[in-house]
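User: I've got a new model open and want a quick tour. Can you take me through the packing?
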Amino acid sequence: SPATYKSLRTMCKAPLRDDVEWASEPEKMLQPGSSPPACNTQPRCDRRLCRGLTAAVTAAVLMAGYLVLGKLFLGSGSGAGPTAFLVCRQVLASGLLVAGALALHGPQLPRRADMPSVQRLGLYNFINALGFLWGVQLTTPFVTSVAQLAIPVLVLAHAACCGRQRVTLFKAAGVLVLVAGCALVAAGAHSAAAAPSAVGRPRGHHGSARLLLGLAVLAVQCSSFVGLLLEQERLVRSYPVSWVLAWAYASCTLLSCAAAAADGSLGAVGAALASPRDAAIVAYSATCGCVAYFVLIAYASKHLPAELVSVTVAVEPLAVSALGMLLLGAEPCAAEGAGFALAFGGTALLSRAVQSESEGGERGGLRSR
(Lines give C-alpha, C1' and ligand atoms only; values in the text may rest on other atoms or scores of the structure.)
Protein backbone atom coordinates (compact mmCIF):
# COMPACT_ATOMS: atom_id res chain seq x y z
CA SER A 1 0.00 0.00 0.00
CA PRO A 2 0.99 3.48 -0.27
CA ALA A 3 1.70 3.38 2.27
CA THR A 4 3.66 3.04 6.05
CA TYR A 5 7.26 2.25 5.25
CA LYS A 6 8.44 5.34 7.15
CA SER A 7 7.82 3.73 10.54
CA LEU A 8 9.35 0.41 9.48
CA ARG A 9 12.81 1.68 8.64
CA THR A 10 13.88 1.27 12.25
CA MET A 11 14.02 -2.47 11.55
CA CYS A 12 16.29 -1.97 8.55
CA LYS A 13 18.96 0.06 10.37
CA ALA A 14 19.67 2.29 7.39
CA PRO A 15 20.74 5.94 7.71
CA LEU A 16 18.03 7.38 5.49
CA ARG A 17 16.68 10.82 4.95
CA ASP A 18 13.06 11.70 5.37
CA ASP A 19 10.35 10.53 3.02
CA VAL A 20 9.09 13.87 1.79
CA GLU A 21 11.52 16.70 1.33
CA TRP A 22 8.92 19.29 0.43
CA ALA A 23 7.40 19.19 3.94
CA SER A 24 8.13 22.17 6.15
CA GLU A 25 11.80 22.48 7.18
CA PRO A 26 12.77 19.19 5.56
CA GLU A 27 16.44 19.51 6.39
CA LYS A 28 15.59 19.44 10.09
CA MET A 29 13.42 16.33 10.01
CA LEU A 30 14.44 13.52 12.29
CA GLN A 31 15.80 10.23 11.10
CA PRO A 32 13.45 7.25 11.68
CA GLY A 33 14.00 5.65 15.05
CA SER A 34 15.35 8.80 16.68
CA SER A 35 13.56 10.71 19.37
CA PRO A 36 12.31 14.27 19.04
CA PRO A 37 14.61 16.99 20.40
CA ALA A 38 14.34 17.58 24.10
CA CYS A 39 11.86 20.25 25.03
CA ASN A 40 12.70 22.99 27.46
CA THR A 41 9.17 23.27 28.78
CA GLN A 42 6.29 20.89 29.26
CA PRO A 43 3.84 23.00 27.20
CA ARG A 44 6.25 22.85 24.25
CA CYS A 45 6.45 19.05 24.56
CA ASP A 46 2.66 18.89 24.67
CA ARG A 47 2.40 21.00 21.53
CA ARG A 48 4.87 18.79 19.66
CA LEU A 49 2.98 15.69 20.76
CA CYS A 50 -0.38 17.14 19.71
CA ARG A 51 0.92 18.24 16.34
CA GLY A 52 2.57 14.90 15.65
CA LEU A 53 -0.47 12.88 16.71
CA THR A 54 -2.78 15.12 14.69
CA ALA A 55 -0.66 14.63 11.57
CA ALA A 56 -0.37 10.86 12.03
CA VAL A 57 -4.08 10.33 12.73
CA THR A 58 -5.02 12.60 9.80
CA ALA A 59 -2.78 10.51 7.53
CA ALA A 60 -4.53 7.33 8.72
CA VAL A 61 -7.94 8.87 8.04
CA LEU A 62 -6.87 10.00 4.56
CA MET A 63 -5.66 6.50 3.71
CA ALA A 64 -8.87 5.03 5.11
CA GLY A 65 -10.78 7.36 2.81
CA TYR A 66 -8.76 6.07 -0.14
CA LEU A 67 -9.66 2.49 0.79
CA VAL A 68 -13.38 3.11 1.21
CA LEU A 69 -13.73 5.43 -1.79
CA GLY A 70 -11.72 2.99 -3.90
CA LYS A 71 -14.18 0.24 -2.96
CA LEU A 72 -17.05 2.57 -3.81
CA PHE A 73 -15.47 3.38 -7.18
CA LEU A 74 -14.82 -0.27 -8.08
CA GLY A 75 -18.39 -1.19 -7.22
CA SER A 76 -19.99 1.73 -9.06
CA GLY A 77 -20.64 -0.24 -12.26
CA SER A 78 -18.77 2.28 -14.42
CA GLY A 79 -16.91 -0.52 -16.19
CA ALA A 80 -13.52 0.67 -14.92
CA GLY A 81 -11.71 -2.07 -13.01
CA PRO A 82 -8.68 -1.86 -10.71
CA THR A 83 -6.20 -1.47 -13.59
CA ALA A 84 -8.04 1.46 -15.20
CA PHE A 85 -8.43 3.10 -11.80
CA LEU A 86 -4.71 2.61 -11.13
CA VAL A 87 -3.77 4.24 -14.46
CA CYS A 88 -5.80 7.35 -13.62
CA ARG A 89 -4.41 7.57 -10.10
CA GLN A 90 -0.78 7.02 -11.14
CA VAL A 91 -0.84 9.56 -13.96
CA LEU A 92 -2.07 12.30 -11.63
CA ALA A 93 0.14 11.32 -8.67
CA SER A 94 3.23 11.01 -10.88
CA GLY A 95 2.66 14.48 -12.28
CA LEU A 96 2.41 15.96 -8.80
CA LEU A 97 5.50 14.12 -7.54
CA VAL A 98 7.62 15.07 -10.56
CA ALA A 99 6.53 18.70 -10.22
CA GLY A 100 7.49 18.69 -6.55
CA ALA A 101 10.89 17.11 -7.27
CA LEU A 102 11.59 19.63 -10.05
CA ALA A 103 10.68 22.53 -7.80
CA LEU A 104 13.00 21.31 -5.05
CA HIS A 105 16.00 19.92 -6.92
CA GLY A 106 15.69 20.72 -10.59
CA PRO A 107 15.95 18.09 -13.35
CA GLN A 108 17.72 14.89 -12.35
CA LEU A 109 18.06 11.37 -13.78
CA PRO A 110 19.42 8.23 -12.14
CA ARG A 111 22.87 7.03 -13.11
CA ARG A 112 23.08 4.20 -15.63
CA ALA A 113 24.34 1.79 -12.95
CA ASP A 114 21.23 2.52 -10.83
CA MET A 115 18.67 2.07 -13.61
CA PRO A 116 18.03 -1.63 -12.79
CA SER A 117 17.31 -0.65 -9.19
CA VAL A 118 14.89 2.08 -10.33
CA GLN A 119 13.15 -0.41 -12.62
CA ARG A 120 12.79 -2.95 -9.81
CA LEU A 121 11.42 -0.21 -7.57
CA GLY A 122 8.82 0.66 -10.18
CA LEU A 123 7.88 -3.02 -10.54
CA TYR A 124 7.44 -3.44 -6.77
CA ASN A 125 5.42 -0.24 -6.69
CA PHE A 126 3.18 -1.53 -9.48
CA ILE A 127 2.57 -4.92 -7.84
CA ASN A 128 1.90 -3.23 -4.52
CA ALA A 129 -0.53 -0.66 -5.93
CA LEU A 130 -2.45 -3.06 -8.17
CA GLY A 131 -2.53 -5.79 -5.53
CA PHE A 132 -3.86 -3.26 -3.04
CA LEU A 133 -6.77 -2.34 -5.33
CA TRP A 134 -7.56 -5.96 -6.18
CA GLY A 135 -7.45 -6.76 -2.47
CA VAL A 136 -10.00 -4.01 -1.81
CA GLN A 137 -12.24 -5.30 -4.59
CA LEU A 138 -12.06 -8.99 -3.60
CA THR A 139 -12.32 -8.51 0.18
CA THR A 140 -13.40 -5.45 2.16
CA PRO A 141 -11.62 -2.18 3.00
CA PHE A 142 -11.42 -3.29 6.64
CA VAL A 143 -9.76 -6.63 5.84
CA THR A 144 -7.35 -4.89 3.46
CA SER A 145 -6.33 -2.32 6.05
CA VAL A 146 -5.75 -4.95 8.75
CA ALA A 147 -3.68 -7.04 6.32
CA GLN A 148 -1.21 -4.15 6.06
CA LEU A 149 -0.37 -4.62 9.75
CA ALA A 150 1.42 -7.84 8.77
CA ILE A 151 4.08 -5.86 6.87
CA PRO A 152 6.25 -5.25 9.99
CA VAL A 153 6.42 -9.02 10.45
CA LEU A 154 7.79 -9.48 6.93
CA VAL A 155 10.27 -6.63 7.38
CA LEU A 156 11.47 -8.06 10.70
CA ALA A 157 11.82 -11.54 9.18
CA HIS A 158 13.98 -10.18 6.36
CA ALA A 159 16.10 -8.11 8.74
CA ALA A 160 16.61 -11.14 11.01
CA CYS A 161 17.68 -13.30 8.05
CA CYS A 162 20.19 -10.61 7.04
CA GLY A 163 21.54 -10.35 10.59
CA ARG A 164 20.35 -6.77 11.12
CA GLN A 165 17.83 -7.65 13.83
CA ARG A 166 17.91 -10.08 16.74
CA VAL A 167 14.84 -12.17 17.47
CA THR A 168 13.96 -11.44 21.10
CA LEU A 169 11.16 -12.65 23.31
CA PHE A 170 9.22 -9.40 23.04
CA LYS A 171 9.58 -9.30 19.26
CA ALA A 172 8.44 -12.89 18.96
CA ALA A 173 5.47 -12.16 21.23
CA GLY A 174 4.52 -9.12 19.17
CA VAL A 175 4.73 -11.13 15.94
CA LEU A 176 2.62 -13.97 17.34
CA VAL A 177 -0.07 -11.62 18.66
CA LEU A 178 -0.14 -9.63 15.42
CA VAL A 179 -0.38 -12.75 13.24
CA ALA A 180 -3.08 -14.20 15.49
CA GLY A 181 -5.07 -10.98 15.16
CA CYS A 182 -4.79 -10.94 11.36
CA ALA A 183 -5.79 -14.62 11.24
CA LEU A 184 -8.83 -13.91 13.41
CA VAL A 185 -9.84 -11.05 11.11
CA ALA A 186 -9.51 -13.36 8.09
CA ALA A 187 -11.56 -16.08 9.81
CA GLY A 188 -14.25 -13.60 10.79
CA ALA A 189 -14.40 -12.18 7.28
CA HIS A 190 -14.62 -15.70 5.85
CA SER A 191 -17.54 -16.59 8.12
CA ALA A 192 -19.31 -13.33 7.30
CA ALA A 193 -18.76 -13.82 3.56
CA ALA A 194 -20.29 -17.31 3.73
CA ALA A 195 -23.32 -16.13 5.70
CA PRO A 196 -26.46 -15.59 3.57
CA SER A 197 -27.36 -12.50 5.57
CA ALA A 198 -24.03 -10.75 5.13
CA VAL A 199 -24.44 -7.05 4.37
CA GLY A 200 -22.26 -5.43 1.75
CA ARG A 201 -20.21 -8.61 1.19
CA PRO A 202 -20.03 -11.42 -1.37
CA ARG A 203 -22.27 -14.29 -0.21
CA GLY A 204 -22.18 -18.06 -0.03
CA HIS A 205 -19.53 -20.38 -1.44
CA HIS A 206 -18.66 -17.90 -4.18
CA GLY A 207 -18.07 -15.21 -1.56
CA SER A 208 -15.74 -17.50 0.42
CA ALA A 209 -13.67 -18.36 -2.66
CA ARG A 210 -13.51 -14.69 -3.59
CA LEU A 211 -12.31 -13.78 -0.11
CA LEU A 212 -9.60 -16.44 -0.11
CA LEU A 213 -8.37 -15.20 -3.49
CA GLY A 214 -8.34 -11.66 -2.10
CA LEU A 215 -6.28 -12.74 0.91
CA ALA A 216 -3.78 -14.43 -1.41
CA VAL A 217 -3.53 -11.22 -3.46
CA LEU A 218 -2.97 -9.19 -0.28
CA ALA A 219 -0.18 -11.57 0.77
CA VAL A 220 1.59 -10.90 -2.54
CA GLN A 221 0.93 -7.18 -2.17
CA CYS A 222 2.45 -7.03 1.33
CA SER A 223 5.49 -8.99 0.15
CA SER A 224 6.00 -6.61 -2.75
CA PHE A 225 5.79 -3.70 -0.33
CA VAL A 226 8.74 -5.15 1.59
CA GLY A 227 10.70 -5.40 -1.67
CA LEU A 228 9.77 -1.79 -2.42
CA LEU A 229 11.01 -0.70 0.99
CA LEU A 230 14.35 -2.49 0.67
CA GLU A 231 14.96 -1.29 -2.90
CA GLN A 232 14.12 2.27 -1.97
CA GLU A 233 16.59 2.17 0.91
CA ARG A 234 19.48 1.77 -1.49
CA LEU A 235 18.42 4.61 -3.76
CA VAL A 236 17.69 7.28 -1.15
CA ARG A 237 21.29 7.08 0.05
CA SER A 238 22.39 8.58 -3.25
CA TYR A 239 19.44 10.64 -4.49
CA PRO A 240 16.85 13.06 -3.09
CA VAL A 241 13.86 11.18 -1.73
CA SER A 242 11.45 13.31 -3.75
CA TRP A 243 13.12 12.19 -6.98
CA VAL A 244 13.20 8.54 -5.90
CA LEU A 245 9.45 8.69 -5.29
CA ALA A 246 8.87 10.46 -8.61
CA TRP A 247 10.90 7.86 -10.54
CA ALA A 248 9.08 5.02 -8.81
CA TYR A 249 5.65 6.44 -9.58
CA ALA A 250 6.58 7.29 -13.17
CA SER A 251 7.83 3.74 -13.75
CA CYS A 252 4.71 2.34 -12.10
CA THR A 253 2.59 4.53 -14.40
CA LEU A 254 4.23 3.03 -17.50
CA LEU A 255 3.67 -0.50 -16.18
CA SER A 256 0.06 0.35 -15.30
CA CYS A 257 -0.60 1.59 -18.85
CA ALA A 258 1.00 -1.56 -20.30
CA ALA A 259 -1.11 -3.77 -18.01
CA ALA A 260 -4.28 -1.86 -18.94
CA ALA A 261 -3.48 -2.27 -22.64
CA ALA A 262 -2.84 -6.00 -22.12
CA ASP A 263 -6.10 -6.73 -20.29
CA GLY A 264 -8.19 -4.45 -22.47
CA SER A 265 -9.07 -1.98 -19.74
CA LEU A 266 -7.19 0.96 -21.25
CA GLY A 267 -10.35 1.95 -23.09
CA ALA A 268 -12.17 2.11 -19.76
CA VAL A 269 -9.95 4.94 -18.51
CA GLY A 270 -12.36 7.45 -20.02
CA ALA A 271 -15.26 5.75 -18.25
CA ALA A 272 -13.37 6.08 -14.97
CA LEU A 273 -13.51 9.86 -15.33
CA ALA A 274 -16.94 10.12 -16.95
CA SER A 275 -18.94 10.99 -13.85
CA PRO A 276 -18.02 13.86 -11.51
CA ARG A 277 -18.14 11.46 -8.54
CA ASP A 278 -15.67 8.99 -10.05
CA ALA A 279 -13.36 11.78 -11.19
CA ALA A 280 -13.41 13.22 -7.66
CA ILE A 281 -12.51 9.79 -6.21
CA VAL A 282 -9.54 9.52 -8.60
CA ALA A 283 -8.39 13.03 -7.66
CA TYR A 284 -8.70 12.22 -3.96
CA SER A 285 -6.74 8.97 -4.31
CA ALA A 286 -3.83 10.74 -6.02
CA THR A 287 -3.69 13.86 -3.85
CA CYS A 288 -4.87 12.82 -0.38
CA GLY A 289 -4.17 9.08 -0.67
CA CYS A 290 -0.65 9.61 -1.97
CA VAL A 291 1.05 13.02 -1.81
CA ALA A 292 -0.68 14.42 1.29
CA TYR A 293 -0.31 11.09 3.07
CA PHE A 294 3.49 11.09 2.65
CA VAL A 295 3.76 14.72 3.74
CA LEU A 296 1.75 14.08 6.92
CA ILE A 297 3.72 10.96 7.85
CA ALA A 298 6.97 12.89 7.39
CA TYR A 299 5.65 15.74 9.57
CA ALA A 300 4.50 13.29 12.25
CA SER A 301 7.93 11.62 12.24
CA LYS A 302 9.48 15.02 12.88
CA HIS A 303 7.52 15.39 16.13
CA LEU A 304 7.04 11.81 17.37
CA PRO A 305 9.22 8.76 17.98
CA ALA A 306 9.03 6.19 15.18
CA GLU A 307 7.29 3.52 17.27
CA LEU A 308 4.46 5.92 18.13
CA VAL A 309 4.01 6.82 14.46
CA SER A 310 3.76 3.13 13.55
CA VAL A 311 1.09 2.56 16.20
CA THR A 312 -0.98 5.54 15.09
CA VAL A 313 -0.91 4.20 11.53
CA ALA A 314 -2.68 1.12 12.96
CA VAL A 315 -5.65 3.40 13.71
CA GLU A 316 -6.45 3.18 10.00
CA PRO A 317 -8.78 0.13 10.29
CA LEU A 318 -10.91 2.03 12.82
CA ALA A 319 -11.33 4.90 10.38
CA VAL A 320 -12.05 2.40 7.60
CA SER A 321 -14.74 0.81 9.75
CA ALA A 322 -16.39 4.16 10.50
CA LEU A 323 -16.29 5.34 6.89
CA GLY A 324 -17.43 1.92 5.66
CA MET A 325 -20.52 2.05 7.83
CA LEU A 326 -21.23 5.60 6.66
CA LEU A 327 -20.65 5.14 2.91
CA LEU A 328 -21.02 1.41 2.26
CA GLY A 329 -23.48 0.31 4.92
CA ALA A 330 -21.09 -2.44 6.06
CA GLU A 331 -19.48 -3.03 9.43
CA PRO A 332 -16.96 -5.57 10.74
CA CYS A 333 -18.27 -8.56 12.63
CA ALA A 334 -17.31 -9.31 16.25
CA ALA A 335 -14.47 -11.65 15.23
CA GLU A 336 -13.00 -9.02 12.90
CA GLY A 337 -13.14 -6.42 15.66
CA ALA A 338 -11.45 -8.75 18.16
CA GLY A 339 -8.83 -9.67 15.57
CA PHE A 340 -8.04 -6.02 14.93
CA ALA A 341 -7.63 -5.41 18.68
CA LEU A 342 -5.09 -8.25 18.81
CA ALA A 343 -3.28 -7.04 15.70
CA PHE A 344 -3.14 -3.51 17.09
CA GLY A 345 -1.65 -4.78 20.35
CA GLY A 346 0.88 -6.89 18.46
CA THR A 347 1.89 -3.90 16.35
CA ALA A 348 2.42 -1.76 19.44
CA LEU A 349 4.46 -4.49 21.19
CA LEU A 350 6.61 -5.18 18.14
CA SER A 351 7.24 -1.49 17.45
CA ARG A 352 8.23 -0.86 21.06
CA ALA A 353 10.58 -3.85 21.12
CA VAL A 354 12.36 -2.72 17.94
CA GLN A 355 12.58 0.87 19.14
CA SER A 356 13.97 -0.15 22.55
CA GLU A 357 16.67 -2.24 20.90
CA SER A 358 17.55 0.62 18.57
CA GLU A 359 17.84 3.08 21.47
CA GLY A 360 19.91 0.57 23.44
CA GLY A 361 22.27 0.15 20.51
CA GLU A 362 22.70 3.90 20.18
CA ARG A 363 23.48 4.26 23.89
CA GLY A 364 25.97 1.40 23.68
CA GLY A 365 27.64 3.03 20.69
CA LEU A 366 27.99 6.31 22.59
CA ARG A 367 29.55 4.53 25.58
CA SER A 368 32.07 2.77 23.36
CA ARG A 369 33.40 6.03 21.87
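Analyst: One term before we start. A crossing is called left-handed if the near helix is turned anticlockwise from the far one by less than a right angle, and right-handed if clockwise. Also, this is a predicted model.

User: Fine. Which hand does the crossing of α2 and α8 have?
Analyst: Left-handed.

User: At what angle do those two, α2 and α8, pack?
Analyst: About 155 degrees, with the axes 8 Å apart. Helix α2 covers residues 82-105 and helix α8 covers residues 241-262. An angle over 145 counts as roughly antiparallel, so α2 is roughly antiparallel to α8.

User: What sort of residues make up the contact of α2 with α8?
Analyst: The contact of α2 with α8 has 18 nonpolar residues, 7 polar and 1 charged.

User: And α3 with α8, at what angle do they cross?
Analyst: Roughly 60 degrees, and their axes come within 8 Å. Helix α3 is residues 115-138. That angle makes α3 oblique to α8. The crossing of α3 and α8 is right-handed.

User: Which residues meet there, between α3 and α8?
Analyst: From α3: V118, Q119, L121, G122, L123, N125 and F126. From α8: V244, W247, A248, Y249, S251, C252, L255, S256 and A259. By class, the contact of α3 with α8 has 11 nonpolar residues, 5 polar and no charged ones.

User: What does N125 touch?
Analyst: Leaving out residues up to four places away in sequence, N125 touches L228, A248, Y249 and C252.

User: Switching to S242. Where does S242 sit?
Analyst: In helix α8. S242 has 0% relative accessibility, so S242 counts as buried. S242 and L104 are 138 residues apart in sequence, yet their C-alpha atoms are 8.3 Å apart in space.

User: Now the core. Which residues touch the most other members of the largest nonpolar core?
Analyst: F73, F85, V244 and C290. That core has 69 residues. Helix α8 gives the most to this core, with 11 residues.

User: Take C290. What is C290 in contact with?
Analyst: Setting aside neighbours within four places in sequence, C290 contacts R89, A93, L97, Y249 and S285.

User: What happens just after α5?
Analyst: G163 takes a positive phi of about 80 degrees there.

User: Last bit, the whole chain. How many helices and strands?
Analyst: The protein chain has 13 helices and 0 strands.

User: How much of the chain is buried?
Analyst: Buried residues make up 53% of the 369 residues in the protein chain.

User: And contacts, what share join residues at least 24 apart?
Analyst: 83%, among contacts between residues at least 6 apart in sequence.

Technical notes:
Residues numbered from 1 in each chain as written. Predicted model: local features only at pLDDT ≥ 70, side-chain atom pairs only at ≥ 80, totals over all residues. Heavy atoms only, no water. Axes fitted to C-alpha atoms, helices over the stretch in contact; angles between N-to-C directions. Helix = DSSP H or I, 4+ residues; strand = E, 2+ residues; numbered from the N terminus. Parallel < 35°, antiparallel > 145°, perpendicular 65-115°, else oblique. Nonpolar A, V, L, I, M, F, W, Y, C, P; charged D, E, K, R; others polar. Core = buried A, V, L, I, M, F, W, Y, C linked by side-chain atoms within 4.5 Å. Buried < 20%, exposed > 50% of the residue type's maximum accessible area, 1.4 Å probe, protein only. Contact = heavy atoms within 4.5 Å.
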